[in-house]
Amino acid sequence: MRISILFICIIFLSISCSQPTKFRALKSDRTGITFNNKIVESDSFNLMKYEYIYNGAGVGIADLNNDGLPDNNFRGNQVSPRIYLNQGNFKFKDITSNFAGLTNDEWYSGVAIVDINNDGWPDVYLTATGNKDPQKRKNRLWVNNGAKNGMDPTFTEMAEKYGIADTGYSVNATFFDYDRDGYLDLYVLNNTVNSRMNTNYRAKINDGNSPNNDRLYHNNGNGTFTDVTIKAGIVYEGFGLGIAVGDVNKDGYPDIYISNDFNSNDLLYINQGDGTFKNEIAKYMSYQSKSSMGDDMADVNNDGNLDMFTLDMFPEQYAKRKQTVNGFFYYIYILEDKFGYEHQYVRNMLHMHNGFLNGEMLPYSEEGQMRGVFATDWSWSPLFADYNNDGNKDLIISNGFPKDETDKDWTRFKVTAEGYYASNKLLIDMAPAVKIPNKALKITALEIS
């Protein structure tokens with residue numbers, strides 16, 4: 001019998017000696033897209049004060065004017081978000097001024113596109129974080145007024161009217177119909193670093209009262225939303241950086257995977273079909289990424305089941321591993337057991353779905369090392385898609401960071417010098433950058449007899 005086994009091989013699509021590149025970068029003077037999410041640090045706001053300062057923001061793609069061409073939505077932190085309308089032939093027009101009241105007065109972190117009022121026009125929901133003032137962390141909803149008389153569409157901000165002007169430290173959000181009532185509900189992913197609870201082991205907060213608790217809003221179907229977080233069982237704290245939604249157990253109800261940074265465990269919320277969720281990650285996954293960044297849910301091997309991929313910070317090069325990543329100490333394993341944490345390891349994880357037995361979903365198998373995708377350095381966001389139209393899922397991973405906070409030489413110097421003979425600016429300037437390329441990976445099918 002011949003068994004087809006999928007191996008993932010790293011292919012740098014942007015570099016080739018014998019073939020033209022698969023992707024080609026277009027300059028801003030060609031496209032008209034000049035957005036730059038520039039970060040300017042100061043004495044009062046810098047890497048030493050806010051370690052998520054370089055985390056960036058989201059990008060959303062949607063056809064805002066229903067002309068058949070996808071448009072671009074760029075989020076900004078210290079600069080205003082920019083929205084570009086696709087004119088065709090890779091030329092874009094800036095229509096940010098059509099979003100009434102959209103400025104750079106909030107630290108925008110993510111974007112979700114939804115037709116919130118079912119009028120056929122896509123609306124834009126922005127999440128915000130960073131600022132200590134809750135009034136400057138309000139998530140915003142710009143409702144599409146449509147493109148009338150051949151004009152570009154205009155947008156009106158209506159988050160408070162809909163009841164979704166969340167003031168948490170929101171990283172991202174997604175709309176999905178969790179109770180199958182025909183209306184799209186809202187999950188808001190939260191993350192704030194305001195104490196050292198990110199690295200110190202302690203009892204988990206699983207009652208929904210943590211400032212890092214996510215939020216779930218139920219769509220009432222009448223133009224309003226209701227916060228049903230606790231009622232629905234969304235009660236586990238976490239430093240959320242990634243969210244993926246899909247029906248993993250094929251019961252017809254969408255489930256949620258949350259990837260969490262630092263010590264907090266990832267979450268696999270299984271939809272119970274009665275308006276509630278249950279975190280069952282310990283039942284279905286043996287271990288997780290330690291500092292989980294972005295994630296993606298996709299049928300990687302085309303078997304009809306949804307697999308999960310999470311990113312971490314494990315370097316490819318041996319020397320870089322010694323320079324940045326601490327080894328896994330046995331006492332960490334003991335502390336995880338003592339405080340009820342599922343075990344975590346510093347590398348990317350590819351959790352492959354094993355199907356069903358007697359109607360019950362089997363546990364996942366983690367195969368990141370076997371398939372060659374466990375070490376891609378400081379990685380942020382993965383996206384599976386068939387980029388070369390061969391019928392198999394390919395993978396693109398975004399990488400890099402302006403300053404490497406994990407560099408051991410720098411962290412040792414920081415502990416010695418901070419507050420004594422080195423200013424924050426000097427310390428930040430001495431931190432090395434993580435200048436690594438993004439990754440493009442191609443799935444290759446090899447047959448083994």
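This is a predicted model: local features need pLDDT of at least 70, side-chain atom pairs count only at pLDDT 80 or more; totals for chains, interfaces and linings use all residues.
# Exercises: salt bridges and a sheet

Let's start with Arg 82: with a relative accessibility of 27%, this residue counts as partly exposed. (Buried is under 20% relative accessible area, exposed is over 50%, and partly exposed lies in between, using a 1.4 Å probe and protein chains only.)

Residues are numbered from 1 along each chain as its sequence is written, and side-chain values use heavy atoms, with hydrogens and water left out.

**Exercise 1.** Find out which side chain meets Arg 82 in a salt bridge.

*Solution.* 
- Step 1: recall the rule, which asks for a side-chain nitrogen of Lys or Arg within 4 Å of a carboxyl oxygen of Asp or Glu.
- Step 2: look for the partner, and you land on Asp 94, at 2.7 Å from N to O.
- Step 3: Arg 82 sits in strand E4 (residues 82–88) and Asp 94 in strand E5 (residues 91–94), twelve residues apart. (Strands are DSSP runs of E, at least two residues, numbered from the N terminus.)

**Exercise 2.** Work out where the two partners Lys 93 and Asp 152 sit in the chain.

*Solution.* 
- Step 1: confirm the salt bridge; the closest N and O atoms of Lys 93 and Asp 152 are 2.6 Å apart.
- Step 2: locate them. Lys 93 belongs to strand E5, while Asp 152 lies in the loop between strand E8 (140–144) and strand E9 (155–157), 59 residues away.
- Step 3: read off the accessibility. Lys 93 is partly exposed at 38%, and Asp 152 is partly exposed at 23%.

**Exercise 3.** Is Glu 280 buried or exposed?

*Solution.* 
- Step 1: find its salt bridge, which is with Lys 283 at 3.8 Å, N to O.
- Step 2: take the value for Glu 280, 12%, so this residue counts as buried.
- Step 3: do likewise for Lys 283, which has 48% and is partly exposed.

**Exercise 4.** Trace the sheet that holds E10, and say which strands form its edges.

*Solution.* 
- Step 1: write down the order. Four strands make an open, antiparallel sheet, E10-E11-E12-E13. (Two strands pair if DSSP finds at least two bridges between them.)
- Step 2: pick the edges, strand E10 (170–176) and strand E13 (225–227), each pairing on one side only.
- Step 3: go through the pairs. Six bridges connect E10 with strand E11 (residues 185–190), three join E11 to E12, and three link E12 with E13.
- Step 4: follow some partners across. Phe 175 has Leu 186 in E11 as its bridge partner, and Leu 186 stands opposite Tyr 217 in E12.
- Step 5: look at strand E12 (residues 215–219). Four of its five residues are buried, so the strand is largely enclosed by the rest of the structure.
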